[in-house]
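This report is written for a reader who meets the structure for the first time. Please keep the sequence and the model in view while reading.

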Amino acid sequence: MKIKMLNKLYLLSIKTKITITLFLIIFLFSTGIFFMIKNSLSNNINTLASNTTKDLIKVNEAFFIKSLLEDDVWSIYKFLDSLTKINLITSAGFIDSSNKIIAHTNSADFPMNKEIEIKKEENLVFIPLINNGLVLGVFLIELDKFSLASLFEDLKTNIAISILIATILSFLIAYFISNSILNRLKILSHNALMIQNKQWDKIKYINSKEKDEITLFQNSMELILKKLHDSIKNEQNLRDFYHDILESLDEFILLCDYDFKILYENSHSLSNLIVKEHSINKRILSSIEMNISRNNSNFMIDIENKDGKTIYLFVIIKNLKDSLAISFSDITLLKHLQEKQCFTNSFEIVGEISSSVVHEIKNYLQPAKLLIEQDELDDEDKKRITNIISKIDFLVNEFLKTGRPIDKLLAEQIDINYQINNILNILQTQIKNKNLTIKKDILTDLKLFIAITDFETILINLIENAIDESSNNGLIYINSYIKNRHTVIEVIDFGKGINKNILKDIYKPFFTTKGEKGSGIGLYTTYKIVYMYNGFIEVESKLGKTTFSINIPINHPIKNSLNE
């Protein structure tokens, strides 16, 4: 029942709630005043009766004490009876110091010599009789209840009228106060609705003369609304500005959530190829998901247009706070130009290497020609010619190595530690000849996706160079670890180092510092293989220490050519 009433109260309007509240406050206030008046009147009547009785007792005190001492009960009774003649006093009696009734006008309820207990009651007044500091007894005065009731009966009409006037005033006050409050609250509610509907021109601003909390709140809200409006306007202008920029880009931009639901796309000719029925093309989406899983933020993909022509796209993925931004750039023309340039570069590289080989062969053939033109050849001349032919044969073989392509089918997951041990066994004779110490720090179970022959070529070239640069009884370090999602292999020697002026030339074909002992092909071939596996080489060299670092990505595609 109480819950139902509370629920009904909750449904009432604010105006009704305020009116009821004010009415209850005024009603309770009036009721409180009524009871205060009643208590005040009651106390005043008691005081009046008590004071009147005290005055009479004071006047007749000597006579009463004399009658009391002489045990003249009749005289005591007549005095008490005279007190009842006073208006508002119903009965009177006297009780001695032992609480026994000496005399009482209401002998039926208060017989003589009856011992009673003095209890304070609303209509009873107790007046002690004291003589020379000695309490002789107590006067028991009973007031007329009906006199009090009649007094309040006379005032009842006036009190009822006062309460009615107070009630009417409370409703009037409630009406004006609630209107004053609600009119301003209605404006706030209206403004909130206009904000929701983005109807800024219909927002109302009122300058109120009132300085209460609602006015202060309203003024603050008006200031907030103005700032909010300006902020939204600026945000919209900024959004339009960025929208215009996105629409003018040469790239096709997609914004999507982490489930690849498209949130925004700019107008672009690539849209018909990439987006099908508000979803990303399945093949492109599959490629995006694969590259995200591999932490690749950019990649290239080719698709066919409606004419059957291949379109090359460069894709960049940017992880935003709660979405993904994906840009697609058409690089078909760039790809064709690159292929054309690669074709040209291939001829230039072949031409450069061929020129170097021809030049070297000429250098070897010139002395051989002079020897052959002699009438007779002795054993020494024949030996020299044999050496020249061997060098030419070695040079041609090295030249052929530079053109050997990477066979993707031979690539596999190899155990780096196992393969390095095999390579060190191959080079064991050279290591022993110089009494070198090889120290390894290889990460346990470290794998690399590469063809074994390519890995052997890389490491044999680097370790042989380190052996050549090391002095007898020297030390070579071979380390391997993971860094920035790359497998890193280091070969460190403590030889004389590489002159910084020639560091830029060490990867050029046929560039060597070893004289006739070197072909100048080793580092070029190493560089080419590492590059084909999407890796890179770093070298640090100073007097007394040289470090070559091979860096190959853990997950990597294999290039088709050196020019890719």
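## Basis of the model

The model is predicted: local features need pLDDT of at least 70, side-chain atom pairs count only at pLDDT 80 or more, and totals for chains, interfaces and linings use all residues. Residues are numbered from 1 along each chain as its sequence is written, and side-chain values use heavy atoms, with hydrogens and water left out.

Helices (DSSP H or I, at least four residues) and strands (E, at least two) are runs numbered from the N terminus. Buried means under 20% relative accessible area, exposed means over 50%, and partly exposed lies in between, with a 1.4 Å probe and protein chains only.

## Helix 8

Helix 8 covers residues 282-293, twelve in number. From first C-alpha to last it reaches 16 Å, close to the expected 16 Å; the expected span is 1.5 Å times one less than the number of residues. Just after the helix, Asn295 has a positive phi of about 60 degrees.

The buried residues of helix 8 are Ile284, Leu285, Ser287, Ile288 and Asn291. Viewed down the helix axis, these buried residues fall within an arc of 160 degrees, so they line one face of helix 8; the arc is taken from the directions from the axis to the C-beta atoms. The face turned away from the buried side carries the exposed residues Lys282 and Ser293. The buried residues pack against helix 7 (271-274) and strands 8 (279-280), 9 (298-304), 10 (310-319) and 11 (324-330), where contact means heavy atoms within 4.5 Å.

## Aromatic pairs

Rings of Phe, Tyr and Trp (its six-membered ring) pair if their centres lie within 6.5 Å; planes under 30 degrees apart count as stacked, over 60 as edge-to-face and the rest as tilted. By this rule there are nine aromatic pairs. Phe64 and Phe94 form an edge-to-face pair, 5.1 Å centre to centre with 70 degrees between the planes. This pair links distant parts of the chain, as Phe64 in helix 3 (residues 61-69) and Phe94 in strand 1 (residues 89-96) are 30 residues apart. Phe64 is buried at 1% relative accessible area, and Phe94 is buried at 0%.

Trp74 and Tyr77 form a stacked pair, 5.9 Å centre to centre with 20 degrees between the planes. Both lie in helix 4 (residues 73-83), three residues apart, about one turn of the helix. Trp74 counts as exposed at 55% relative accessibility, while Tyr77 is partly exposed at 29%.

## Nonpolar cores

A nonpolar core is a set of buried Ala, Val, Leu, Ile, Met, Phe, Trp, Tyr and Cys residues joined through side-chain atoms within 4.5 Å. The largest such core has 36 residues, and those touching the most other members are Ile416, Ile450, Phe455, Ile458, Leu459, Ile463 and Ile550. Helix 13 (452-469) is among the elements that give two or more residues to this core, and its eight residues are the largest share. Apart from this core lies another of 23 residues, among them Phe260, Leu273, Val275 and Ile288.

## Two loop residues

Phe260 has a positive phi of about 65 degrees although it is not a glycine. Phe260 lies in the loop between strand 5 (252-256) and strand 6 (262-265), and counts as buried at 14% relative accessibility.

Asn484, also not a glycine, has a positive phi of about 50 degrees. Asn484 is in the loop between strand 15 (475-483) and strand 16 (486-493), and counts as exposed at 65% relative accessibility.
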